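Student: I have a structure open on my screen and would like to learn how to read it. Could you walk me through some features?

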Amino acid sequence: MATATADILRVGYDSEVFENFLRSRREPQWMTEARRAAFEIYQSLLETDLDPEEFKRLDLRAFNAAKYRPALVASQSEEVSALLSDKTEFGGTIAHVDGYVTGSRLSAELAATGVLFGDLQSLLESHRELLEPYFLKKAVRVDADRFAAWHAAFWTGGTLLYVPRNVEVSLPLHSLIAHRQDGIADFSHTLIILEDGARATLLEETTSVTPETAGLHVGCVELIVGRNACLRYVQLQNWNQKTWHFAHQAGNVDANASLQWTVVGLGSRVAHIHQDINLDGRASTAEVNGVTFASDRQKISYYTQQHHRQQGTHSDLLYREVLRDDSRVIWRGMIKVDKVAQQTDGYQRSDALMLSETARCDSIPGLEIEADDVRCTHGATTGQVDREQIFYCMSRGMTRKEAMHMIVEGFFQTVYDRIPIEVVRETLSRTVQSKLGFETISQ
Amino acid sequence: MNSLLKITDLHVSVGETPILRGVTMEIRQGEIHALMGPNGSGKSTLAYALAGHPNYTVTNGSIEIDGVNVTEMEADERARLGLFLAFQYPVVIPGVKVADFLRHAVSNVRNPERKEGEGLIGMREFRKEIRDRMTELGMDHEFARRYLNEGFSGGEKKRMEILQLAMLQPRFAILDETDSGLDSDAVRVVSEGLAKLSGPQMGVLIITHHERLLEFNPPQFTHVMLGGRIVETGDSSLAHELHANGYADVRARHPQAAAENIQAEAATA
């Protein structure tokens with residue numbers, strides 16, 4: 001990369017921005033101190049290069065942090081429409097606009113069981129002893145890289161879900177993160193803690209109120225799944241195409257627990273997601289699903305790591321990507337197996353379907369295995385839409401576009417089949433259809 | 001009025017290689033035609049060219065349905081005019097359920113003016129219809145929920161083609177070696193299925209090497225193709241003769257076409 005690149009990337013938020021931001025907060029001292037510590041780390045990390053293995057394929061030259069600032073006051077709240085809401089019954093909902101919570105609700109029955117769900121900021125303050133030990137300490141490390149540290153210094157708003165021991169939340173919960181104003185930097189955080197034996201489903205989506213506003217999201221997702229617990233988490237990234245999206249996401253799965261994690265990437269101008277799946281406890285399992293549809297000049301990048309840290313752990317990652325126009329998708333996947341993690345079963349696969357000659361996809365799976373009694377497999381495919389499939393559909397009366405739509409739907413179906421939540425499957429299918437569009441698809 | 005599929009002096013190339021060198025044939029609704037010929041004679045090329053496969057370029061001649069020239073039409077427009085090809089090698093469409101695929105196909109073929117996104121045939125009506133057709137063809141209803149041809153055996157794929165034929169009720173059906181690669185039970189199922197479906201409303205062109213399909217569906221016309229031309233046309237007795245004696249006599253009667261057939265076979269090998 002040229003030096004000019006490194007220079008612009010080293011320009012981040014200075015202490016003036018940080019002090020201004022701090023003055024706008026009314027927070028307990030411990031929180032402010034944690035922010036100051038994170039800001040120091042952020043400043044020192046700005047001086048270092050990004051990990052080339054993770055970032056070398058992603059062109060960030062056009063990124064200029066100074067163009068985006070955190071909103072210092074909450075904007076007027078009004079309903080923001082979401083893809084998933086109103087389509088099903090939720091046990092609780094929360095919405096954020098430009099980093100501020102605009103409303104949240106939890107059913108009385110769930111609240112009575114001790115479930116906490118709502119604004120992370122206020123719940124961290126009111127339940128500090130319970131929550132602070134988890135926040136940016138177990139799953140995502142503040143010093144992981146400059147984006148993690150940046151987030152830790154400036155996080156605002158956010159969704160917290162805490163489910164006590166053996167409590168089962170049967171209805172899904174919904175979290176919406178929205179951008180409204182131009183030039184806003186959003187640092188929302190999602191923290192989910194399931195105590196031993198708990199069960200829950202959280203559906204989260206990100207959206208922009210209008211297609212024109214430019215925005216930045218430096219986010220963080222932390223999923224902490226206790227022993228024998230079961231978490232299903234879906235994140236549907238649907239920003240407008242003027243938004244930069246950087247996210248550190250990590251899930252820690254304890255013994256005999258299971259995590260089903262679905263990542264959907266539809267929006268953003270440039271997105272980079274660092275996704276860690278940490279199989280911390282014996283016989284823990286994780287299933288990771290990815291649905292990505294890139295169009296126009298979008299660049300969507302994933303760095304996934306399935307880290308087997310204990311014996312008898314099981315991970316299964318399936319990403320599927322559809323690329324149109326001049327878009328680019330990067331997937332760098334890694335399965336890591338520690339020496340103690342014998343009898344581990346790790347699987348990763350990424351399949352890309354290219355709808356245009358000018359799209360580009362890089363899929364790079366990788367294995368790092370220190371144990372000797374494991375089964376790890378990986379694979380990646382990239383291909384154009386099969387002409388014989390198109391002809392077959394057309395010979396049954398479908399137009400070329402309709403044939404393409406059908407083939408793309410079918411391509412994603414394999415991932416949908418792994419998602420046991422009907423509203424998610426339906427919403428994804430509809431959203432993909434609308435992104436395919438009836439007019440714009442190329443021949 | 002009986003519809004007419006009219007093929008006139010059709011020349012077709014694949015890339016730079018000419019395969020069909022002037023095929024003329026008329027198929028009326030209600031008629032069954034058999035098309036026979038050795039490997040490389042151009043039978044499948046004719047089938048693909050009729051269906052509108054983009055790799056098969058018509059360099060001369062025409063295909064008309066009731067006077068409408070379809071030679072330049074896309075495959076979907078031809079399908080909407082009532083043309084159907086049962087594929088020799090049906091294509092797998094991963095993740096697309098048989099029922100969803102057929103519901104779209106049926107909606108387009110029955111409502112040729114339909115645009116994408118416009119209404120599909122009613123779900124209840126469609127479900128009943130597909131179930132009835134599957135029952136008639138001795139197919140498990142579970143098929144409707146499977147992904148199209150994914151993991152299907154050879155016999156299941158061919159039966160799926162017949163199911164599509166039954167649902168789309170075309171005016172003209174071309175069956176490209178629908179009986180190849182099947183065991184005798186499967187051939188019987190497919191042959192009986194076709195016999196039930198064909199009638200006064202359907203013109204059928206059966207491309208086959210075997211006799212079984214023709215036993216159940218006796219052709220009024222048998223065409224023999226050699227070197228990209230129809231060299232002989234007769235009735236069903238010609239089909240019997242070819243089954244019994246092979247193509248040696250035909251080759252001897254048409255030495256030039258036979259030589260061109262050998263060239264074509266070498267070029268495609």
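**Reading helices, sheets and phi angles**

Tutor: Let's start with a pair of helices: A:Q389, A:I390, A:C393 and A:M394 in α9(A) meet A:R400, A:A403, A:M404 and A:I407 in α10(A). Please keep in mind that this is a predicted model.

Student: What classes of residue make up the contact of α9(A) with α10(A)?

Tutor: There are 6 nonpolar residues, 1 polar and 1 charged in the contact of α9(A) with α10(A).

Student: How do I describe the way two helices pack?

Tutor: The general idea is that two packed helices are described by the angle between their axes and the distance between the axes. In this case, helix α9 (residues 387-394) of chain A packs against α10(A) at an angle of about 120°, and the axes are 9 Å apart. The two helices, α9(A) and α10(A), are therefore oblique to each other. Their crossing is right-handed.

Student: At what angle do the axes of α5 and α6 of chain B cross?

Tutor: In chain B, the axes of helix α5 (residues 154-168) and helix α6 (residues 184-197) cross at roughly 5° and come within 10 Å. That angle makes α5(B) roughly parallel to α6(B). On the α5(B) side, the contact is made by B:K158, B:R159, B:I162, B:L165 and B:A166. On the α6(B) side you will find B:V189, B:V190, B:G193, B:L194 and B:L197. By class, the contact of α5(B) with α6(B) has 7 nonpolar, 1 polar and 2 charged residues.

Student: Now the sheets, please. How should I read one?

Tutor: Strands of a sheet pair through backbone hydrogen bonds, either parallel or antiparallel. In chain A, 10 strands form an open sheet with mixed pairing, in the order β3-β2-β6-β9-β11-β13-β15-β17-β19-β22. At its edges are β3 (100-106) and β22 (374-384) of chain A, each of which pairs on one side only. From one strand to the next, the twist averages 5°.

Student: Which helices pack on that sheet?

Tutor: One of them is helix α10 (residues 400-416) of chain A, which touches β15 (285-294), β17 (314-323) and β19 of chain A. The direction of α10(A) makes about 165° with that of β17(A). Helix α11 (residues 422-436) of chain A packs on the sheet too, touching β9 (199-208), β11 (230-238), β13 (258-265) and β15 of chain A. For α11(A), the angle with the direction of β15(A) is about 20°.

Student: How does strand β19 of chain A run relative to β22(A), parallel or antiparallel?

Tutor: They run parallel, and 11 bridges join β19 (residues 344-354) of chain A to β22(A). To follow one bridge, look at A:T344, whose partner in β22(A) is A:V374. For the antiparallel sense, turn to strand β2 (residues 92-97) of chain A, which pairs with β3(A) over 6 bridges. There, A:T93 stands opposite A:R105 in β3(A). The strands β2(A) and β3(A) form a hairpin with 2 residues between them.

Student: What is the strand order of the sheet in chain B?

Tutor: That open sheet has 4 strands in the order β2-β1-β4-β5 (chain B), and the pairing is antiparallel. Here β2 (17-28) and β5 (68-69) of chain B stand at the edges with a single partner strand each, so one side of each is left without a neighbour in the sheet. Strand β4 (residues 56-65) of chain B is joined to β5(B) by 2 bridges, and B:I65 has B:V68 as its bridge partner in β5(B).

Student: How many residues of helix α1 of chain B are buried?

Tutor: In helix α1 (residues 43-51) of chain B, 8 of its 9 residues are buried. Among them are B:L46, B:Y48 and B:L50. Just after α1(B) comes B:G52, with a positive phi of about 95°.

How values were computed
Residues numbered from 1 in each chain as written. Chains lettered and ligands numbered in written order. Predicted model: local features only at pLDDT ≥ 70, side-chain atom pairs only at ≥ 80, totals over all residues. Heavy atoms only, no water. Pairing = 2+ DSSP bridges. Axes fitted to C-alpha atoms, helices over the stretch in contact; angles between N-to-C directions. Contact = heavy atoms within 4.5 Å. Parallel < 35°, antiparallel > 145°, perpendicular 65-115°, else oblique. Left-handed = near helix turned anticlockwise from the far one by under 90°. Nonpolar A, V, L, I, M, F, W, Y, C, P; charged D, E, K, R; others polar. Buried < 20%, exposed > 50% of the residue type's maximum accessible area, 1.4 Å probe, protein only.
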